[in-house]
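Could you walk me through this fold as if we were looking at it together on the screen?

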Amino acid sequence: GGGRGPRGVVGAPARLWRHRPCANAVVASVPGPPSTRYLLGGRLRRVTPLVPLAANLDVSVGVISYDGELSFGCFADAERCPDVATLAAGIGDTLATLGVIRA
């Protein structure tokens, strides 16, 4: 009733409106501490970057340095980018090709 169309037809524009990407991906690189850090006597072994998906972004890649190493974090909207593992593998392959990491 009320002159409304089928649910799928009415819902489609709303879904498009909610997902209006201003960009498809964001990459953030943050320098971290150059030396080992400790908390309550325990050594911080690894830092993993997390760049949240916001503002309708599909993919985020974070890079952070810590104690002489780089860490990468790849996150994606599962519906819009189901192959984020391929992206992560490609980053690793590229760094290996450049000699930045050992494969």
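Here is a short tour, from the whole chain down to single residues.

## Before we start

What you have here is a predicted model, where local features need pLDDT of at least 70, side-chain atom pairs count only at pLDDT 80 or more, and totals for chains, interfaces and linings use all residues. Residues are numbered from 1 along each chain as its sequence is written, and side-chain values use heavy atoms, with hydrogens and water left out.

## The whole chain

The protein has two helices and five strands. Both kinds of element are DSSP runs numbered from the N terminus, with helices (H or I) needing at least four residues and strands (E) at least two.

Of the 103 residues in the protein, 17% are buried. Buried stands for under 20% relative accessible area, exposed for over 50%, and partly exposed for anything in between (1.4 Å probe, protein chains only). The accessible surface comes to about 7,800 Å², and carbon and sulfur atoms account for 59% of it; these areas come from the Shrake-Rupley method with a 1.4 Å probe, and for residues only the protein chains shown count as cover. As for contacts (heavy atoms within 4.5 Å), take those between residues at least 6 apart in sequence: 48% of them join residues at least 24 apart.

## The sheet

Three strands make an open sheet, in the order S1-S4-S5 and with mixed pairing. Its edges are strand S1 (25–30) and strand S5 (69–76), each pairing on one side only. From one strand to the next, the twist averages 10°. Strands count as paired if DSSP finds at least two bridges between them.

S1 and S4 run parallel and are joined by six bridges. Within that pairing, Val 27 has Val 61 as its bridge partner in S4, and Ala 28 has Gly 62. S4 and S5 run antiparallel, with eight bridges between them; Tyr 66 stands opposite Glu 69 in S5.

## Strand S4 and Ser 60

How many of the eight residues of S4 are buried? Seven are, so the strand is largely enclosed by the rest of the structure. Ser 60 sits in this strand, which covers residues 59–66, and counts as buried because its relative accessibility is 0%.

The Ser 60 side chain reaches the backbone oxygen of Val 51 at 2.5 Å. Setting aside residues up to four places away in sequence, Ser 60 touches Val 26, Val 51, Leu 53, Gly 73, Cys 74 and Phe 75.

## Helix H2 across the sheet

H2 lies across S4 and S5, and runs at about 155° to S5. Axes here are lines fitted to C-alpha atoms, for helices over the stretch in contact, and angles run from 0 to 180 degrees between N-to-C directions. The helix has 14 residues and reaches 20 Å from its first C-alpha to its last, close to the 20 Å expected at 1.5 Å a residue; that expected span is 1.5 Å times one less than the number of residues.

Ile 91 belongs to this helix, which spans residues 84–97. Apart from neighbours within four places in sequence, Ile 91 is in contact with Val 61, Phe 72 and Cys 74. Ile 91 and Phe 72 are 19 residues apart along the chain, and their C-alpha atoms are separated by 8.9 Å. Just after H2, Gly 99 takes a positive phi of about 80°.

## Two turns to look at

Most residues other than glycine have a negative phi. You will find Leu 40 in the loop between strand S2 (38–39) and strand S3 (42–43), where Leu 40 counts as exposed because its relative accessibility is 87%.

Asp 67 also has a positive phi, near 50°, without being a glycine. This residue sits in the turn of the hairpin formed by S4 and S5, which has two residues between the strands. Is Asp 67 buried or partly exposed? With a relative accessible area of 26%, Asp 67 is partly exposed.

Terms used: Polar contact = N/O pair within 3.5 Å; in protein donor to acceptor, adjacent residues only side chain to side chain.
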